[in-house]
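Have the sequence and the structure side by side while reading. The paragraphs below go through the elements in turn.

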Amino acid sequence: MSDYPVRYHDHPRAAVELPEYHEARAALDRLVKATVRESLEIGSQEDWIAMVADMASTNVYNDMCHQCDDWSGTAFPYRTQPDSTGYLVADYRCPACDHRWQCWWSIDFPYLFDPTY
Ligand SMILES: [Zn+2]
């Protein structure tokens, strides 16, 4: 039994054939290389995988920077804290202007795979 955290997977062909699938994988590869280049302390490989899973599970909570007030300031939460009342507190950093803010979301909204969203 290996400690190497790879599990069997076979992603749906329809998703694999999308250019966005390859772009997302390439972006993860660039992120790994950037953390190495910058000598960032991410933690173990399991910590890295947990971070990527957090990114995927909270991507739907993206928000627009009110300093930029356009989609160039679209940010994704870098920290989230679900509370006991059904809300998620999310912290953001705008990649365009470095503005930081906090937002509260209903934890069951929006649905990740809601086709109307
Ligand atoms: Zn901004």
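None of the 14 residues of helix 3 is buried, so helix 3 lies largely in the open. A residue is called buried if 20 or more other C-beta atoms lie within 10 Å of its own, exposed if 12 or fewer do, and partly exposed in between, with C-beta atoms placed from the backbone. Helices (H or I, at least four residues) and strands (E, at least two) are DSSP runs, numbered from the N terminus. Helix 3 covers residues 45–58 and reaches 20 Å from its first C-alpha to its last, close to the 20 Å expected at 1.5 Å a residue. That expected span is 1.5 Å times one less than the number of residues in the helix.

This is a predicted model, in which local features need pLDDT of at least 70 and side-chain atom pairs count only at pLDDT 80 or more, while totals for chains, interfaces and linings use all residues. Residues are numbered from 1 along each chain as its sequence is written.

The protein chain as a whole has three helices and five strands. From the N terminus on, they run in the order α-α-α-β-β-β-β-β. Of the 117 residues in the protein chain, 4% are buried. Contacts tell about the chain in another way: two residues are in contact if their C-beta atoms, placed from the backbone, lie within 7 Å. Among contacts between residues at least 6 apart in sequence, 29% join residues at least 24 apart.

Next comes the sheet. Strands of a sheet pair through backbone hydrogen bonds, either parallel or antiparallel. Here two strands are taken to pair if DSSP finds at least two bridges between them. Three strands form an open sheet in the order 3-4-5, with antiparallel pairing. Strand 3 (79–82) and strand 5 (100–106) stand at the edges with a single partner strand each, so one side of each is left without a neighbour in the sheet. From one strand to the next, the twist averages 20°; axes are lines fitted to C-alpha atoms, for helices over the stretch in contact, and angles run from 0 to 180 degrees between N-to-C directions.

Strand 3 and strand 4 are antiparallel and share four bridges. Proline 82 has leucine 88 in strand 4 as its bridge partner. The two strands form a hairpin with four residues between them, and glycine 86 in the turn has a positive phi of about 90°.

Strand 4 (residues 87–93) is joined to strand 5 by seven bridges, again antiparallel. Alanine 90 is partnered by cysteine 103 in strand 5, and tyrosine 87 by serine 106. Strand 4 and strand 5 form a hairpin with six residues between them, where aspartate 98 in the turn has a positive phi of about 70°.
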